[in-house]
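Hello,

Here is the structure you asked for. My notes on it follow below.

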Amino acid sequence: MSDTYLKFANSFLGKQVAPKLGLPQPPVLKRYVPGQKAVDGAVLVGQAAGGRLAGAIAATLKSADAQVWTAEGPLRDAAGEADLAPKIYAADTAGDQRFQALVFDATGIAHPDELQALHAFFKPVARKLRPSGRLIVLGTPPESLTAGARVSQRALEGFTRSAGKELGKGATSNLVYVAEGAEDQIESTLRFFLSPKSAFVSGQVVRIGVGSSKASAAKVDWEKPLAGKVALVTGASRGIGEAIAETLARDGAHVVGLDIEPLADDLKTVTDRIGGSAITLDVTAEDAPKQLAEQLKKEHGGVDIVVHNAGITRDKRLANMKPEVWDQVIAVNLIAPDRITYALLQGKVLNTGGRVIGVASIAGIAGNNGQTNYATSKAGVIGLVDAFADDIAKAGGTINAVAPGFIETQMTAAIPLGIREAGRRLSSLGQGGLPVDVAETIAWYASAGSGAVQGNVVRVCGQSLIGA
Amino acid sequence: MTEPKTARRVAIVGGNRIPFARSNGAYATASNSEMLSAALEGLVERYGLEGKKLGEVAAGAVLKHARDFSMTREVVLGSRLDRATPAVDITQACGTGLQASIYIANKIALGQIDAGIAGGVDTTSDAPLAVGDKLRKKLVAVNQARTGGDRVKALLKIRPGDIGLDIPANREARTGLSMGDHQAITGKEWGITREAQDELTVASHQRLAAAYERGFFDDLMTPFGGLERDNNLRPDSSLEKLAKLRPVFGGPEGTMTAANSTPLSDGASTVLLASEEWAKEQGLPILAYLVDAQTEGVSYVEGEEGLLMAPAYAVPKLLERNGLSFDDIDLFEIHEAFASQVLSTLKAWEDPTFNRTKLGRDTPLGAIDRAKLNVNGGSLAAAHPFAATGGRIVASLAKELHQRGSGRGLISICAAGGIGVTAIVEAA
């Protein structure tokens with residue numbers, strides 16, 4: 001489960017040898033430690049003329065106690081309105097200044113000519129990003145626009161995805177589309193993408209305020225954004241599920257872990273450690289959804305966060321795959337989350353403002369040799385997000401999914417070495433992710449501040465070349 | 001209880017300094033005491049203070065030998081002043097000279113004394129050297145030994161590795177960065193360009209040179225060590241010449257050079273302050289009045305604010321207390337520790353965001369007309385023997401106001417440790 005080459009490449013010897021032999025030099029990614037500031041280091045903020053997010057960005061950075069830099073002009077004045085005093089950035093006076101994050105409000109770009117603003121802002125600082133730096137572009141969902149604005153906003157994707165491949169040193173690049181009217185809802189998302197919590201999320205496109213209920217921004221304790229919430233995590237006894245349970249508990253949630261009977265002891269170890277509750281249940285059983293809904297209602301008065309993490313692989317080429325192997329995978333990975341979500345909604349067990357989170361997979365997006373069953377089930381999870389979005393939004397909640405790429409778990413440790421190494425290195429970050437990277441992304445969806453984050457499928461893949 | 005006395009006006013009678021010299025040059029072998037004595041003797045001579053008992057003499061040096069703990073008193077005892085004149089050493093980094101003036105002025109204002117002298121001196125040539133801590137502790141043990149044998153034993157404990165010198169460095173204890181390193185960060189954070197710094201530097205040299213040409217310093221200075229003018233002055237300084245220099249702070253992409261930063265230097269200055277009555281009784285002129293002063297500090301340790309930005313906070317407080325705005329100021333004397341420091345401060349005062357978030361002001365203090373800034377040159381041209389700068393500025397500003405016959409001046413001096421010392425001076 002550990003990446004031996006990553007350790008070697010970052011050892012004294014490895015640092016001498018790897019560059020000389022032309023070997024990959026994957027960086028050690030900075031990861032979140034509780035109590036840490038969302039962004040520790042200078043944040044350079046820019047804006048294309050006519051942007052509408054200056055105030056919202058400034059408010060977030062003020063609340064995050066970030067060290068902010070902007071050029072002189074309207075953006076800096078707007079920051080002043082938010083009681084922020086940014087340092088003044090100019091290319092010819094910035095000297096040796098390095099930045100932890102580069103944030104650009106591109107919402108003002110209404111014509112392809114104006115895309116030049118991206119070049120003007122990012123070019124002088126393309127080599128000024130610190131290790132594990134962050135590049136974030138904010139735009140307007142293209143589908144809500146017409147003509148040149150639609151074209152230009154769609155164009156932003158190509159920029160952020162390419163930048164992600166160029167930056168290096170563990171830096172990530174992401175695009176956040178903010179719907180008009182959702183300006184005051186960006187904080188949880190901006191904090192997530194700025195922070196080390198998004199260490200393994202790069203090259204992604206996120207929408208805020210599209211298809212979500214029109215709730216106003218919630219007041220959030222950013223150290224404990226899930227305080228007072230009950231979170232159900234299926235498959236919580238080990239691997240990614242265990243990390244999800246721990247992370248949600250860290251953020252203040254009471255975690256109800258669920259797993260099958262044979263893993264009951266492992267599950268109890270996890271839930272005891274985090275002060276949660278354990279439920280032993282086979283999610284594919286006929287009466288499982290009903291039983292689960294009743295138990296959650298009775299013991300916890302409902303549930304706020306549902307993470308459909310339980311999943312299995314039964315890999316075989318299609319030509320060799322027996323029908324029961326196909327059925328097993330579809331039943332656990334797709335039918336169970338579908339039925340459970342439906343039962344929780346129908347029974348009004350999902351509390352107002354609830355969060356449903358699916359765990360898809362990069363295989364569900366790109367397909368994988370030997371995984372027709374698995375990829376079908378995981379693409380189906382993305383379908384669940386689409387299918388439930390309206391009903392859940394009506395109940396004031398959200399549904400989103402993560403799509404993990406290569407994550408260092410027992411499951412991936414079983415992959416043959418050659419394929420495993422390819423899975424790790426063929427990505428912008430040059431390594432596999434950790435279970436906690438998936439968990440942090442789920443915690444961002446679950447956050448009380450993410451009420452406008454709806455219908456997204458975010459890959460946690462280090463911008464893997466597979467399925468790009 | 002007796003009635004509290006109302007404050008008296010404090011007159012600036014005049015000042016005297018020796019020319020400032022670049023480090024390890026003209027004054028390489030002169031001590032602080034010698035330089036301060038020279039400046040004081042010139043003042044005594046000019047204002048006929050021989051044998052007079054003054055209320056107090058306050059002066060200081062930033063870098064001084066431990067044996068000079070009572071430097072100012074020793075200088076007074078060796079001067080032609082009445083030996084019964086008390087004296088005090090005070091230090092506040094580069095703010096020392098002005099703070100000494102404020103100290104004397106406050107005593108005069110309160111009626112505790114009628115006249116006093118403020119001053120400051122520094123040498124970076126004859127700087128005190130200390131031995132490293134390990135060696136120092138073992139030498140102390142040698143000194144404490146009671147018998148010859150014990151002394152030898154203690155001496156034998158000294159190992160070659162113990163021998164080291166503790167050279168005083170121009171470094172902030174809490175950050176390990178020099179003042180220039182700090183200002184490089186501040187200048188970067190305010191977007192201060194190399195060109196703007198070089199322009200300010202050229203103006204400083206040109207104005208100081210012009211002031212010498214008109215004889216402005218004739219009654220403000222006593223020649224010393226073969227110098228009649230500050231030897232850092234480059235009357236032919238130009239933007240083209242300055243543009244060729246390489247940065248010395250802020251790395252290879254930095255904007256601060258040896259020209260737009262003050263050099264290490266040696267020198268001394270003094271100012272005679274008095275109550276109006278005393279000055280009149282003695283038949284002495286009154287050039288100007290030292291009206292009010294404000295000292296502020298900023299926290300810079302974790303980069304919360306720039307090390308040298310405290311004056312940006314002190315000045316608005318001072319102006320507000322006196323019901324004044326920049327429009328009411330005719331002359332600005334902003335100590336040019338670094339061109340970048342002056343420009344950062346000016347920019348902060350103009351910046352609506354700084355005014356709103358840091359000063360709590362809805363309207364910015366505003367811009368300063370450069371024609372009113374450091375009209376007779378500043379520290380970039382004259383150089384900056386730390387504690388001597390305040391006295392140079394107070395005396396020059398008082399004389400300039402006197403020549404103009406009216407007007408008001410503002411002094412702003414930044415100091416190490418995140419301190420800013422500011423004062424208002426009005427024409428008599």
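For the angle below, axes are lines fitted to C-alpha atoms, for helices over the stretch in contact, and the angle is taken between N-to-C directions. Please keep in mind that this is a predicted model.

Helix 3 of chain B covers residues 96–109, and helix 14 of chain B covers residues 389–404. The two pack at an angle of about 60°, and their axes are 5 Å apart. Helix 3 and helix 14 of chain B are therefore oblique to each other.

On the helix 3 side, the contact is made by B:Thr96, B:Gly97, B:Leu98, B:Gln99, B:Ala100 and B:Ser101. Helix 14 of chain B meets them with B:Thr389, B:Gly390, B:Gly391 and B:Val394. By class, the residues of this contact are 3 nonpolar, 7 polar and no charged.

Helix 3 of chain B is largely enclosed by the rest of the structure, because 12 of its 14 residues are buried. Among them are B:Ile102, B:Tyr103, B:Ile104 and B:Ala105. The length of helix 3 of chain B also checks out: at 1.5 Å a residue its 14 residues should span 20 Å, and its end C-alpha atoms are 20 Å apart. B:Gly111, which follows helix 3 of chain B, has a positive phi, near 80°.

Now the contact between the chains. Chain B gives 17 residues to it and chain A gives 18 residues. On the chain B side, helix 6 (179–189) and helix 12 (352–357) each supply at least two residues. Helix 12 of chain B has the largest share, 5 residues. The side of chain B that touches chain A divides into 4 nonpolar, 8 polar and 5 charged residues.

Regards

How values were computed
Residues numbered from 1 in each chain as written. Chains lettered and ligands numbered in written order. Predicted model: local features only at pLDDT ≥ 70, side-chain atom pairs only at ≥ 80, totals over all residues. Axes fitted to C-alpha atoms, helices over the stretch in contact; angles between N-to-C directions. Helix = DSSP H or I, 4+ residues; strand = E, 2+ residues; numbered from the N terminus. Parallel < 35°, antiparallel > 145°, perpendicular 65-115°, else oblique. Contact = placed C-beta atoms within 7 Å. Nonpolar A, V, L, I, M, F, W, Y, C, P; charged D, E, K, R; others polar. Expected span 1.5 Å × (residues − 1). Buried ≥ 20, exposed ≤ 12 C-beta atoms within 10 Å, placed from the backbone.
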